[in-house]
Amino acid sequence: MPAILEARQLSKSFGSNRALHSLDLTVGGGEILCLLGANGAGKTTTINLFLGFLSPTDGAALVSGHDAVRERHLTAPKLAYIPEQVALYPQLSGLENLDHFTRLSGRRLDQTELLAMLERTGLSQADAHRRAHAYSKGMRQKVGIAIAVARNAEALLLDEPMSGLDPAAANDFCTLLSSLKDQGKAILMATHDIFRARLVGTRIGIMKAGRLVELLDAKQVDAAELETLYLAHMAKEEPAVS
Ligand SMILES: Nc1ncnc2c1ncn2[C@@H]1O[C@H](COP(=O)(O)OP(=O)(O)OP(=O)(O)O)[C@@H](O)[C@H]1O
């Protein structure tokens, strides 16, 4: 399947700190690649390079073959970004937020379509009409997913979107991601949740100190084996696999 997201020898240094060393990876439509790694491993840097928020020191981040920095006008509409805390206008309802962000992306959907999108994420009609300042984190993440769907993005970049979600909300979130994968979206997610990475991911990458040290098919391991592998990588010095 053709790659929607592709990192080619992607490297980023901040002064003398090499945050990312020559990363090669691809994420195709219908794939969820989960990036695991300790704090400072380079996961957020990778996402920011795809978003074009950072320029690589070497190599390139490509979105459907376009350079994420030089051709950002082409790549930005293809991407949806879901951070740890989805920022919504607190005085607007979930429905009004969705309407606002959808219009910003140049699309116009009527109220019935917007409500249906929110309902598909599991947000009730009553909650869709409540002001976002009263939303739980899980509810905000659902609106974030609805915004991504309404924008018709081809790829989703998620940076620790489940941290702080209770198990039921995290489970709902994984179900939503799986349905987006089944619709052909390419999903790259940074997470510290080994168990859910194994559950929802089609592939798992382990990063350490800016290097991709392991890239495996999620079906190859169970959660306990993945945790053992992860801890073994964290404990030793090693070169990159990519
Ligand atoms: N804007 C910046 N300026 C300077 N250094 C930065 C900047 N952003 C990231 N770094 C450094 O780059 C390295 C990788 O950071 P990054 O945020 O990508 O890690 P991470 O894997 O996302 O970590 P976490 O799990 O804590 O979110 C770290 O050493 C970090 O201090």
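This note goes through a predicted model in numbered points, from its sheets to single residues.

1. The six-stranded sheet. Six strands make up an open sheet of mixed pairing, and their order across it is β6-β7-β8-β3-β9-β10. The edges are taken by β6 (79-82) and β10 (211-217); each has a single partner strand, so one side of each lacks a neighbour in the sheet. On average, neighbouring strands here are turned by 15° against each other, direction ignored.

2. Strand β6 and strand β7 (residues 155-159) pair in the parallel sense, over four bridges. Two facing positions can be looked up in the structure: A80 stands opposite L156 in β7, and Y81 stands opposite L157 in β7.

3. Side chains of β6. Which residues of β6 point one way, and which the other way? L79 and Y81 point one way, A80 and I82 point the other way, and all are buried. A general rule to compare with this is that side chains in a regular strand alternate between the two faces of the sheet.

4. The four-stranded sheet. A second open sheet has four strands in the order β2-β1-β4-β5, with antiparallel pairing. Its edge strands are β2 and β5 (66-67), each of which pairs on one side only.

5. Strand β1 (residues 3-14) and β2 run antiparallel and are joined by eight bridges. Among the partners, A3 has G28 in β2 as its bridge partner, and E6 has T26 in β2. The hairpin of β1 and β2 has two residues between the strands, and G15 takes a positive phi near 60° in this hairpin. Strand β1 is also joined to strand β4 (residues 58-63), by five bridges and again in an antiparallel arrangement. In this pair, L5 stands opposite V63 in β4.

6. Helix α1 and the two sheets. L156 in β7 faces A80. Helix α1 (residues 43-51) packs on the sheet that holds this pair, touching β3 (31-37), β6, β7, β8 (186-190) and β9 (203-208). The direction of α1 makes about 145° with that of β7.

7. The ligand. Where does the largest share of the shell around the ligand come from? It comes from α1, with three residues. The residues that surround the ligand are F14, N17, A19, G37, N39, G40, A41, G42, K43, T44, T45 and A190. Two elements give two or more residues to this shell, namely β2 (17-28) and α1. By type, the shell has four nonpolar residues, seven polar and one charged.

8. In soluble globular proteins, nonpolar side chains tend to be buried together. The largest nonpolar core of this model has 71 residues, and L98 and L156 touch the most other members. Helix α6 (residues 137-150) gives the most to this core, eight residues. Leaving out residues up to four places away in sequence, L156 touches A80, I82, A148, L180, K185 and I187.

9. R140. This residue is found in helix α6. Is R140 buried or partly exposed? R140 has 19 other C-beta atoms within 10 Å, and a buried residue would need 20 or more, so R140 counts as partly exposed. Apart from its neighbours within four places in sequence, R140 is in contact with V86, L88, A132 and Y135. R140 and D127 are 13 residues apart along the chain, and their C-alpha atoms are separated by 11 Å.

10. E160 is not a glycine, yet its phi is positive, about 50°. E160 lies in the loop between β7 and α7 (167-182). With 18 C-beta neighbours inside 10 Å, E160 is partly exposed. A209 is not a glycine either, and its phi is positive at about 45°. A209 lies in the loop between β9 and β10, and with 17 C-beta neighbours inside 10 Å it counts as partly exposed.

Definitions and conventions: Residues are numbered from 1 along each chain as its sequence is written. This is a predicted model: local features need pLDDT of at least 70, side-chain atom pairs count only at pLDDT 80 or more; totals for chains, interfaces and linings use all residues. Two strands pair if DSSP finds at least two bridges between them. Axes are lines fitted to C-alpha atoms, for helices over the stretch in contact, and angles run from 0 to 180 degrees between N-to-C directions. Two residues are in contact if their C-beta atoms, placed from the backbone, lie within 7 Å. A residue is near a molecule or strand if its C-beta atom, placed from the backbone, lies within 6 Å of it. Ala, Val, Leu, Ile, Met, Phe, Trp, Tyr, Cys and Pro count as nonpolar, Asp, Glu, Lys and Arg as charged, and the others, Gly among them, as polar. A nonpolar core is a set of buried Ala, Val, Leu, Ile, Met, Phe, Trp, Tyr and Cys residues joined through C-beta atoms within 7 Å. A residue is buried if 20 or more other C-beta atoms lie within 10 Å of its own, exposed if 12 or fewer, and partly exposed in between; C-beta atoms are placed from the backbone.
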